[in-house]
Amino acid sequence: MVGQGEWLELFTRYLATERQLSPNTVRNYRFELERAAELMNGKHWRDVSRQDLSAVMARLHRQGLGPRSLALTASALKQFGKFLLKEGLISNDPAAALSAPKQQKTLPKNLDVDSVTHLLDIPPEDWIALRDRAIMELFYSCGLRLAELAGLDVRDLNLDAREVRVLGKGSKERILPVGSVALSAIKDWLGHRSQMSCSDDALFVSTWGSRLSHRSIQSRMEKWAQIQGLSVGVHPHKLRHSFATHMLESSGDLRAVQELLGHANLATTQIYTSLDFQHLAKVYDGAHPRARKKGD
């Protein structure tokens, strides 16, 4: 009989070479499988049942493992089961229907209006400050994703109409209004950009005139959070979330915020903006013509 170790070696080699997973991921998967085998007292994988794996998950849960860790265990077991089945080493995959506790979706903490105002109160000391202020103003004005902002070209702006054309997920295009403060910051930046030698039409460029990378945008925002003395870190997603929250608090119009964010489903917007059901029900009852019976 082929030993446990040989099957595990085949699997880890498959993950590293064919799947090309990172060494860290391969190491984590191997650890999870070795731990599961130990909890099953070394039972050979060809004899393992779904009940055995469920018992492993239940035992790890009792030991205090959280949803994220249990999800990793389940993923390792399921991937291993698929591999063994594909290789013809087992005839039935015991991990096929295995499930882990659902992880709670963690929502980013938004900045309040005063914090955003303080963050964006950047003195125009040099062209980098002009650029960075325009970047953050546009993030907050339009609720853009990082990839959307980084991908903007100068031609995507319509300064007269105060609009920007954005290419979102799934190559879906949307036209967004740009606030007056953000528009002013962008004009200041464009005034300097026009004097630079740029290698393409990118709206935001580096010292060398090339399109600013995602990482560069993130690091500049982190830097400004430190310079401005904010007690929390700042990143593109946080400004997007702050935009959504502040818009919703002011308007109560969930559908409009959905359109601005470029969400395909309203449920995504609900989660994104930390709405509770009571608030949603209040907005619905106050707005929908057939939400309540006559006389209520």
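In the predicted model described here, helix H3 (residues 50-62) and helix H4 (residues 67-86) pack at an angle of about 160°, with their axes 10 Å apart. H3 and H4 are therefore roughly antiparallel to each other. The crossing of H3 with H4 is right-handed. On the H3 side the contact is formed by Leu53, Met57, Leu60 and His61, and on the H4 side by Leu70, Thr73, Ala74 and Leu77. Of these residues, six are nonpolar and two are polar, while no charged residue takes part.

Helix H3 also contains aspartate 52. A polar atom of the aspartate 52 side chain is found 2.9 Å from the backbone nitrogen of serine 49. When neighbours within four places in sequence are set aside, aspartate 52 is in contact with Met40, Lys43 and Asp47. Aspartate 52 and proline 94 are 42 residues apart along the chain, and their C-alpha atoms are separated by 8.6 Å.

A further helix pair consists of H6 (residues 127-142) and H10 (residues 236-251), whose axes come within 7 Å and cross at roughly 40°. That angle makes H6 oblique to H10. The crossing of H6 and H10 is right-handed. Met136, Phe139, Tyr140, Ser141 and Cys142 of H6 meet Pro236, Leu239, Ser242, Phe243 and His246 of H10. The residues of this contact comprise seven nonpolar and three polar ones, with no charged residue among them.

Terms used
Residues are numbered from 1 along each chain as its sequence is written. This is a predicted model: local features need pLDDT of at least 70, side-chain atom pairs count only at pLDDT 80 or more; totals for chains, interfaces and linings use all residues. Side-chain values use heavy atoms; hydrogens and water are left out. Axes are lines fitted to C-alpha atoms, for helices over the stretch in contact, and angles run from 0 to 180 degrees between N-to-C directions. Helices (H or I, at least four residues) and strands (E, at least two) are DSSP runs, numbered from the N terminus. Angles under 35 degrees count as roughly parallel, over 145 as roughly antiparallel, 65 to 115 as roughly perpendicular and the rest as oblique. A crossing is left-handed if the near helix is turned anticlockwise from the far one by less than a right angle, and right-handed if clockwise. Contact means heavy atoms within 4.5 Å. Ala, Val, Leu, Ile, Met, Phe, Trp, Tyr, Cys and Pro count as nonpolar, Asp, Glu, Lys and Arg as charged, and the others, Gly among them, as polar. A polar contact is a pair of N or O atoms within 3.5 Å; within protein, one must be able to donate a hydrogen and the other to accept it, and residues adjacent in sequence count only if both atoms are side-chain atoms.
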